[in-house]
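Hi,

Here is the structure I said I would pass on. Have a look at it first, and then read my notes below.

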Amino acid sequence: MKLLLKILTIFVAVGAIGGAVMMWMDPSGMSWGGEPMLDLLRAKMPWPDVFFKNFVPSGFALLAVNGLPQILAALMLFKNHRLAYWACFVCGIILMLWIALEWWIWGFVALSNIFFVLGVVEVVCACLNLRIGRKVIPF
């Protein structure tokens, strides 16, 4: 199960980093089909004139909320840190919340659904590892 968590955290981190880079390379979203999504973001999110003129802020948010925490969790797993499974648990919850926000903004999209399931798997694996290791309290 630890191997599965390592693969999941790296996969989600790479996806988040790739998504962020894609948003920075084409902030309009025209080349990757994100232009209609930008209009939905402007309609549903606060301060559309500040944060949603283009996808650059969204790329930074994706990297900060999903990319970097998943990288940290993966590093903690590889180093056998005592809080690694807690980090994976938190990352899975964050990923599911991020996807729930995406569902609210532009409905169900196949890629979002897949990443939500990956978040569920991450949380379940982390919980099982915490239960097996009897590490109920993180400190």
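Let me start with Thr9, which is found in helix H1; helices here are DSSP runs of H or I with at least four residues, strands are runs of E with at least two, and both are numbered from the N terminus. Thr9 has a relative accessible area of 0%, so it is buried (buried means under 20% relative accessible area, exposed over 50%, and partly exposed in between, with a 1.4 Å probe and protein chains only). A polar atom of the Thr9 side chain lies 3.0 Å from the backbone oxygen of Lys6. Not counting residues up to four places away in sequence, Thr9 touches Gln70, Ala73, Ala74, Leu77, Cys88 and Glu122, where contact means heavy atoms within 4.5 Å.

Before the rest, some housekeeping. This is a predicted model, in which local features need pLDDT of at least 70 and side-chain atom pairs count only at pLDDT 80 or more, while totals for chains, interfaces and linings use all residues. Residues are numbered from 1 along each chain as its sequence is written, and side-chain values use heavy atoms, with hydrogens and water left out.

The overall picture: the protein has 6 helices and 0 strands, so to speak in order, α-α-α-α-α-α from the N terminus on. Its C-alpha atoms fill a box of roughly 50 × 25 × 25 Å along the principal axes. Of the 139 residues, 37% count as buried. Two packed helices are described by the angle between their axes and the distance between the axes. The axes are lines fitted to C-alpha atoms, for helices over the stretch in contact, and the angles run from 0 to 180 degrees between N-to-C directions.

How far apart are the axes of H1 and H4, and at what angle do these helices pack? The axes are 8 Å apart and the angle is about 160 degrees. That makes H1 roughly antiparallel to H4 (angles under 35 degrees count as roughly parallel, over 145 as roughly antiparallel, 65 to 115 as roughly perpendicular and the rest as oblique). The residues of this contact divide into 18 nonpolar, 7 polar and 2 charged; Ala, Val, Leu, Ile, Met, Phe, Trp, Tyr, Cys and Pro count as nonpolar, Asp, Glu, Lys and Arg as charged, and the others, Gly among them, as polar. The crossing of H1 and H4 is left-handed, a label used if the near helix is turned anticlockwise from the far one by less than a right angle, with clockwise giving right-handed.

H4 (residues 56-78) also packs with H5 (residues 84-106), at an angle of about 155 degrees and with the axes 9 Å apart. The two are therefore roughly antiparallel to each other, and their crossing is left-handed. On the H4 side, the residues that meet H5 are Ala61, Leu62, Val65, Asn66, Pro69, Gln70, Ala73, Met76 and Leu77. Their partners in H5 are Ala84, Tyr85, Ala87, Cys88, Cys91, Ile94, Leu95 and Trp98. By class, this contact has 15 nonpolar, 2 polar and no charged residues.

Between H4 and H5 there is a loop that holds Asn80. Asn80 is not a glycine, although it has a positive phi of about 55 degrees. With 54% relative accessibility, Asn80 counts as exposed.

H1 (residues 2-25) meets H5 as well: the axes come within 11 Å and cross at roughly 45 degrees. That makes H1 oblique to H5, and the crossing is left-handed. Lys2, Leu5, Thr9 and Val12 in H1 meet Tyr85, Cys88 and Leu95 in H5. This contact has 5 nonpolar, 1 polar and 1 charged residues.

Ser112 lies in helix H6 (residues 110-133). Is Ser112 buried or exposed? At 6% relative accessibility, Ser112 counts as buried. Its side chain makes a polar contact with the side chain of Glu102, at 2.5 Å; a polar contact is a pair of N or O atoms within 3.5 Å, where within protein one must be able to donate a hydrogen and the other to accept it, and residues adjacent in sequence count only if both atoms are side-chain atoms. Leaving out residues up to four places away in sequence, Ser112 touches Ile99, Glu102, Trp103 and Trp106.

Finally, Pro46 is in the loop between helix H2 (35-44) and helix H3 (48-51). Pro46 counts as partly exposed, at 46% relative accessibility. Apart from neighbours within four places in sequence, Pro46 is in contact with Phe51 and Phe52. The C-alpha atoms of Pro46 and Leu118 are separated by 28 Å, and the two residues are 72 apart along the chain.

Cheers
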